[in-house]
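Here are a few exercises to work through with the model open beside you. Try each task before reading its solution.

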Amino acid sequence: MEVRLTCVEGANDKEARGTDPADHAMSLYRWLVMDPELRGRAKVSTAPAQPGQGRMGGPLEVVNVVVSNTIALGSLLVAVAAWRGSRSSPPEVRLERDGVTVTVQGASPEVVEQILKAWDTAGPDDNHDPDQGNVE
């Protein structure tokens, strides 16, 4: 299964304003590549984000992770929460799997369980608003 991770500036994150999402994405990419729990269980790669209307393609803003089982998926979610917890001003991270997007705004251990529940209750055909899938 493939999970797309996108770093976005939080609406209430005044300290991180002006921080390039590409910098956050590269930091997250390096964190995931170095994570011992993911090594050999996940394929981590990068890609530029889809440009918005009126914008040219930009630098890396998306981290793609392919995992082969739910244990690796759980390890990925724990790694993302740990990365956010290590940042002084962590950005929100949007995780998309099978068309269902969840926005991570916290770094507590319960985040992993909440994300898995959100993905289990939403099928790939559901059209969820990313703001409705916030996990704190």
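Among contacts (heavy atoms within 4.5 Å) in the protein chain between residues at least 6 apart in sequence, 60% join residues at least 24 apart. Keep in mind that this is a predicted model, in which local features need pLDDT of at least 70, side-chain atom pairs count only at pLDDT 80 or more, and totals for chains, interfaces and linings use all residues. Residues are numbered from 1 along each chain as its sequence is written, and side-chain values use heavy atoms, with hydrogens and water left out.

**Exercise 1.** Find the pattern that the protein chain follows along the sequence.

*Solution.* Begin with the elements: three helices and six strands. Helices (H or I, at least four residues) and strands (E, at least two) are DSSP runs, numbered from the N terminus. Reading along the sequence then gives β-α-β-β-α-β-β-α-β. As for burial, 40% of the 136 residues are buried, meaning under 20% relative accessible area, with exposed over 50% and partly exposed in between (1.4 Å probe, protein chains only).

**Exercise 2.** Trace the strand pairing around S4.

*Solution.* Two strands pair if DSSP finds at least two bridges between them.
- Step one: S1 (residues 2-8) pairs with S4 (residues 92-97) in the antiparallel sense, over five bridges. Thr 6 has Arg 94 in S4 as its bridge partner.
- Step two: S4 is also joined to S5 (residues 100-104) by five bridges, again antiparallel.
- Step three: S4 and S5 make a hairpin with two residues between them, and Asp 98 in the turn has a positive phi of about 55°.

**Exercise 3.** Describe how H1 packs against H2.

*Solution.* Two packed helices are described by the angle between their axes and the distance between the axes.
- Step one: H1 (residues 21-34) and H2 (residues 70-86) pack at about 125°, with axes 10 Å apart. Axes are lines fitted to C-alpha atoms over the stretch in contact, and angles run from 0 to 180 degrees between N-to-C directions.
- Step two: the angle makes H1 oblique to H2, since under 35 degrees counts as roughly parallel, over 145 as roughly antiparallel, 65 to 115 as roughly perpendicular and the rest as oblique.
- Step three: H1 brings His 24, Ser 27, Leu 28, Trp 31 and Leu 32 to the contact, while the H2 residues include Leu 76, Val 80 and Trp 83.
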